[in-house]
Amino acid sequence: IKVKSAPDKTEPLLMWLHRRKLREEFYLALLFHDIGHGPLSHVLEHNEMFVKGLRNIGMADCDHEERGAALIRGTGPIFHAWSSVASKRYGKQTRTIKEIRDRMKGLEKRVCLDAVCYLMTANEKYLELSDHSYRLDLVVVKELVSGILDLDRLDHYARDSYFSGLHQMPMNLRGLLSNLKIVWPSSRDERRPLLSLTPEGAYYAAGLLFNKRLLVSTMFRNTDSVAYHTMVNSALTSHLRQFDGDSDFLGNKCLEVALMEDEELLEALRSSLDSSARYLAQRIKSMQPYMLVKRMANSDVRSTKQFRCRLEKLVTSLRSDNNDGPSILIHYDKGFDSISSDSTPRDWLDASYMMVENEERAPSPLIEHPEYASDFKHLKDSERVKHVWIFARDQKARDAMAEQLRPAKVAGAGSM
C-alpha cells in the first residue's frame, strides 16, 4: 500500500507511518481489534436482552470494539470483571491485558492508547482524547483498520473462504494491496481519505467483492447457520429474562456472558433454569437445527412495521412453549426495516468510495467502472434486500406455519 500525502509525493505506507510516528498504534490496533469479542464471535452482538443488561451497568457503548477499548484503557466494569476472571481461568502466572497496558503506559511518549482505541472503534471520542502529535492523520489509518479497507475483514474473508470449502475462490490480497494508494483529502475539513486503485487494482477489488457476495450467500445466509444463530439468541434471551426484574443482577449476568468462551456459554444455557433455553442449547450441542419454513424479503413488504406486527401475532397463535422448546423462531436480518432504493451503505471495500485512476480522464468510482458497472448495480441492489427467516421446531410446526403463510391466507390478512 502507498500513501499520497501531497500532489507530488507518494510513499510506501510503512514509511509514511514511521514518519508520522503512527506505526506502533497501527500494529497495536490490528493486534487488539477483536479482543473484546464475546462467545460465538458476532452472534450475540445485537441480542436485545444482552445489550440491555450491559447498558444497565454503565456500558453505554457495548459492541465488541468498545469492550476491547475498555479492556485496553483499563476502565469500566468489563475491565474489573476480566481481571478477576483471567486469573481464575488461566492461573495467576498468566500475563494479562493489564500488564500489557501498564507496559504501554511506560511508553506514553511513543504509544498513544487513545489513538489505538480510535483505530479499533472509529469512535470520534477517542480521537478527541488523543494527544498524538499527528492526531489528524489517524483518520487515514482508521480506514485501514476499521474503515473501507478493513484489513481484519480482508483476513477473515480469505480464512472463511478456505474453511468453508470455497478455497478455490481467487482471493488475491497482494494484488489488491500492491495496486492501492491512500490519497490524503485535498481539504483538512473533509476528514476522509480516498482509496485510489490502478486499473489492475480495480480487477482485484472487483473480484474480492464478488467473492464476498458468494461467501455471504453460501455461509452467512446458509439456512443452518442462520438457524443456529437464531436458536442461540433465543436461548440466551430466555435465560436472561429470568433476571430482568433486577437491572444490576441482569447486568452482571450479561457481563459474565460477555467474558465466557463458546463452550462455557452453551453449558450455562444447557443448565439454565429456563426450559426453552435448555432445550435449544441441547439441540445446538446435538447439531439439530430448526427447520426453515420460509424466508421473506423486505422488498416484498409495503410496511415492515405492520408486517412484523402481523407476523408476531401469527407466530403467537401457533407457538407452544413447553419442555420441547418454542415451536416457531423468527430472525430478522440487520437492516430489515430500513430498505431504501436510494441508500448506499458504506461497507468494506465500498465500490462507490474507491476511485480508479485513468490516464485519459479524472478518476472515477469503482462502481462506475465500464467493465463492472452492470455487475455492481446487481450486487448493490441485492445487498439492500434483507430477509426475515421463519424456523420451526419439527415437521408438524413447520406444516402449521406454512399453512398460515400460504399466499391466499396472507392476502386475506392484509399485506404481508
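Reader: In which helix does Lys142 lie?

Author: The model discussed here is a predicted one. Within it, the helix that holds Lys142 is α9.

Reader: Is Lys142 buried or exposed?

Author: Residues under 20% relative accessible area count as buried. Lys142 has a relative accessible area of 13%, and therefore the residue is buried.

Reader: Which residues is Lys142 in contact with, leaving aside its neighbours within four places in sequence?

Author: Neighbours within four places in sequence are set aside here. The contacts of Lys142 are then Tyr118, Leu119, Ala122 and Gly147.

Reader: How many helices and strands does the chain have?

Author: The chain has 416 residues, of which 46% count as buried. Among contacts between residues at least 6 apart in sequence, 72% join residues at least 24 apart. The elements of the chain are 20 helices and nine strands.

Reader: Where is Cys117 placed, and is Cys117 buried or exposed?

Author: Cys117 has its place in helix α7, residues 113–121. Its relative accessible area is 0%, so Cys117 is buried.

Reader: Which residues is Cys117 in contact with, and how far apart in space are Cys117 and Glu25?

Author: Beyond its neighbours within four places in sequence, Cys117 is in contact with Ala69, Ile72, Arg73, Ala122 and Tyr126. Cys117 and Glu25 are separated by 92 residues in sequence, while their C-alpha to C-alpha distance is 9.0 Å.

Reader: Ser130 is found in a loop; between which helices is that loop, and is Ser130 buried or exposed?

Author: The loop that contains Ser130 runs between α8 (124–129) and α9 (138–145). The relative accessibility of Ser130 is 6%, so the residue counts as buried.

Reader: Which backbone nitrogen does the side chain of Ser130 reach?

Author: Not counting residues up to four places away in sequence, Ser130 touches Cys112, Asp114, Ala115, Arg135 and Leu138. Its side chain also reaches a backbone nitrogen at 3.2 Å, that of His132.

Reader: What span should helix α14 have at 1.5 Å a residue?

Author: Helix α14 comprises 12 residues, 247–258.

Reader: Why are the buried residues of α14 on the same side of the helix?

Author: The buried residues of α14 are Leu250, Gly251, Cys254, Leu255, Val257 and Ala258. They lie on the same side of α14 because the arc they cover around the axis is only 155 degrees.

Reader: Which residue caps the N-terminal end of α13?

Author: With 19 residues, α13 reaches 27 Å from its first C-alpha to its last, close to the 27 Å expected at 1.5 Å a residue. At its N-terminal end, a side-chain oxygen lies 3.0 Å from the backbone nitrogen of Asp224, and the residue that provides this cap is Asn222.

Reader: Which backbone oxygen does the side chain of Thr237 reach?

Author: Thr237 is found in helix α13. Not counting residues up to four places away in sequence, Thr237 touches Asn47 and Met49. Its C-alpha atom is separated by 10.0 Å from that of Leu44, 193 residues apart along the chain. The side chain of Thr237 reaches, at 2.9 Å, the backbone oxygen of Asn233.

Reader: At what angle do α15 and helix α16 pack?

Author: Leu266, Leu269 and Arg270 in α15 meet Ala277, Arg278, Ala281, Gln282, Ile284 and Lys285 in α16. The axes of α15 and α16 (residues 275–285) are 7 Å apart, and the packing angle is about 135 degrees. That angle makes α15 oblique to α16, the value being about 135 degrees.

Reader: What is the phi of Lys21, and is Lys21 buried or exposed?

Author: Lys21 lies in the loop between α1 (13–19) and α2 (23–32). Although Lys21 is not a glycine, its phi is positive, at about 55 degrees. With a relative accessibility of 53%, Lys21 counts as exposed.

Reader: Where does Met287 lie, and is Met287 buried or exposed?

Author: The loop between α16 and β5 (291–297) holds Met287. Met287 has a positive phi near 55 degrees and is a residue other than glycine. The relative accessible area of Met287 is 65%, and so the residue is exposed.

How values were computed. Residues are numbered from 1 along each chain as its sequence is written. This is a predicted model: local features need pLDDT of at least 70, side-chain atom pairs count only at pLDDT 80 or more; totals for chains, interfaces and linings use all residues. Side-chain values use heavy atoms; hydrogens and water are left out. Helices (H or I, at least four residues) and strands (E, at least two) are DSSP runs, numbered from the N terminus. The expected span of a helix is 1.5 Å times one less than its number of residues. Buried means under 20% relative accessible area, exposed over 50%, partly exposed in between (1.4 Å probe, protein chains only). The arc is that of the directions from the helix axis to the C-beta atoms. Axes are lines fitted to C-alpha atoms, for helices over the stretch in contact, and angles run from 0 to 180 degrees between N-to-C directions. Angles under 35 degrees count as roughly parallel, over 145 as roughly antiparallel, 65 to 115 as roughly perpendicular and the rest as oblique. Contact means heavy atoms within 4.5 Å. A polar contact is a pair of N or O atoms within 3.5 Å; within protein, one must be able to donate a hydrogen and the other to accept it, and residues adjacent in sequence count only if both atoms are side-chain atoms.
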